[in-house]
Amino acid sequence: MSTPASNGPKSAFNTFNLVAGAILVVGLILTVLRFTQGIGPVTNLDDNNPWGIWIGFDLLCGVALAAGGYTTSAACYIFGLKRFHSAVRPAILTAFLGYALVVFALQYDLGRPWRLPYPIFVSQGTTSLLFEVGLCVMLYLTVLFVEFTPAMFEWLGWKKIRKVVVKLTLVLTIFGVVLSTLHQSSLGALYTIAPSKLHPLWYSPYMPLYFFVSSIAAGMSMVIFEGSMSHKKLHRMMDEEYLKHHDGVVFGFGKAAALVLFGYFFIKTMGVAYDNNWHYLVSGYGLLFLTEMLGFVALPCFLYAVGVRDRNLSLIKKASIITVLGIVFNRFNVSMIAFNYHLPAADRYFPSMTEIGISVFIVTLGVVIFRFITTRMPIFFEHPDYKGDH
């Protein structure tokens, strides 16, 4: 099959491969340590902090940043905004890999991968939020895989089965939006059961709404950020159709992200007012909260708006980076920094080097797989046998 790429990397021993290879080797060694020595010797987790960076970063951040899949496909197939079509396949691939790696990372916390299907198929806890999150993630990961398969079938030349899957696009998109709404909000709802442990500036009965709305901004910002990075590093894999719509996708998502961030800032402020938590703003945690709200919500909202008004692509891309970092900052605050805030410093959680190393390993693994797929399958270009058949 011909692709836009006529020349790939000149050598397998390029800088990216060498750095990624070294990280993967170290990650495999850490993986062996985790599954041979148990969770205690390789983490700083304890009874006060049973959930650490593998939940705060790998799961909470991973799920939020993978929200570009449902936001992009909903914009294109439900709201009929076809100008975003070129961004659908990269967004679906990013979301699929994001969720697959969330499940993969979860095994480091659980420790017994063969028991993963147990709570879904053997002993269901139907009154548990964790059960609802697990069920939704399992179903949505399946939906994302099916949504991704047309690109794989085009690469393999399986035309008949590809035709069947393409006909299911609208149904899969609706199913994906429903499942995402449920589990994105439920992740926030998990923390509503710990009102005495989470600092009042972050705790609110509206946390499910906060998590859901912020995931929309995160998903759109991730589409802009991932598109910008791919534009630099994988430009050779993009056809004229993708490149023609690239700027329009950035401006469209930038405008939408500005509106969502404005709404998110408003409801977060209303949350502080509802619980009358203004006095906490003049404390150390108040400074942290104001940094998050002003530096990682209000600032990118303003930059997005100015960038769209002035048709400034560079400003919008900078805003997307700040928003992505802001989502990570928020999830860290909720799950680790502002959690157990009342404990003395000696009892506070900080991840071990093994925990950090495994998180870096998982992110690198995702980048390597994304690069492998996008340099082989029609993600940034239309397959010549299916021109206009999407």
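Is Arg311 buried or exposed? In this predicted model, Arg311 is exposed, with a relative accessible area of 56%. The cut-off for exposed is over 50%, so Arg311 falls in that class. Arg311 sits in the loop between H12 and H13. Its phi is positive, at about 55°, although Arg311 is not a glycine. Most residues other than glycine have a negative phi.

Asn340 also has a positive phi, of about 60°, and is not a glycine. Asn340 belongs to the loop between H13 and H14. Its relative accessible area is 2%, and Asn340 is buried.

Empty space was examined next. Rolling a probe the size of a water molecule over the atoms shows where such space is left. The largest pocket has a volume of about 1200 Å³. Its lining consists of 32 residues, and those closest to the centre are Met222, Phe225, Val363, Gly366 and Val367. By class, the lining of the largest pocket holds 20 nonpolar, 7 polar and 5 charged residues.

The second largest pocket has a volume of about 880 Å³. It is lined by 29 residues, and Leu106, Leu110, Leu116, Pro119 and Gly134 lie nearest its centre. Two or more lining residues come from each of H3, H5, helix H6 (118-121), helix H7 (129-156) and helix H9 (169-190). H7 supplies the largest share, 7 residues. The lining of the second largest pocket divides into 23 nonpolar, 3 polar and 3 charged residues.

The structure holds 5 cavities of 30 Å³ or more. The largest cavity contains about 110 Å³ of space. Of its 13 lining residues, Ala87, Gly227, Tyr242, His246 and Val249 are the closest to the centre. H10 and helix H11 (240-274) are the elements that give two or more residues to this lining. The residues lining the largest cavity comprise 7 nonpolar, 5 polar and 1 charged.

The second largest cavity contains about 70 Å³ of space. Its lining includes Ser214, Ala217, Leu261, Tyr264, Glu292 and Phe296. Val297, Thr323, Gly326, Ile327 and Asn330 also line this cavity. The elements giving two or more residues to the lining are H10, H11, helix H12 (284-309) and H13. H13 gives the most, with 4 residues. The classes in the lining of the second largest cavity are 6 nonpolar, 4 polar and 1 charged.

H14 has 22 residues. From its first C-alpha to its last, H14 reaches 31 Å, close to the 32 Å expected at 1.5 Å a residue. Its buried residues include Thr354, Glu355, Ile358, Ser359, Phe361 and Ile362. Also among them are Thr364, Gly366, Phe370, Ile373 and Thr374. Gly366 is also one of the residues closest to the centre of the largest pocket. The buried residues of H14 pack against H1, helix H2 (39-42), H3, H5, H7 and H10.

Thr374 lies in helix H14. Its relative accessibility is 0%, so Thr374 counts as buried. The side chain of Thr374 reaches two backbone oxygens, that of Phe370 at 2.8 Å and that of Arg371 at 3.3 Å. Not counting residues up to four places away in sequence, Thr374 touches Leu93, Leu234, Met237, Ile379 and Phe380.

A glycine in another helix was also considered. Gly286 lies in helix H12. Gly286 is buried, because its relative accessible area of 0% is under the 20% cut-off. Leaving aside neighbours within four places in sequence, Gly286 is in contact with Leu201, Tyr280 and Leu281. Gly286 and His199 are 87 residues apart along the chain, and their C-alpha atoms are separated by 9.9 Å.

Notes: Residues are numbered from 1 along each chain as its sequence is written. This is a predicted model: local features need pLDDT of at least 70, side-chain atom pairs count only at pLDDT 80 or more; totals for chains, interfaces and linings use all residues. Side-chain values use heavy atoms; hydrogens and water are left out. On a 1 Å grid over the protein atoms alone, a cavity is a set of points where a 1.4 Å probe fits but cannot get out, and a pocket is an open set with protein on both sides within 12 Å along at least five of seven lines; lining residues have an atom within 4 Å of a point. Grid points are joined across faces, edges and corners, and a volume is the space filled by probe spheres set on the points. Ala, Val, Leu, Ile, Met, Phe, Trp, Tyr, Cys and Pro count as nonpolar, Asp, Glu, Lys and Arg as charged, and the others, Gly among them, as polar. The expected span of a helix is 1.5 Å times one less than its number of residues. Buried means under 20% relative accessible area, exposed over 50%, partly exposed in between (1.4 Å probe, protein chains only). Contact means heavy atoms within 4.5 Å. A polar contact is a pair of N or O atoms within 3.5 Å; within protein, one must be able to donate a hydrogen and the other to accept it, and residues adjacent in sequence count only if both atoms are side-chain atoms.
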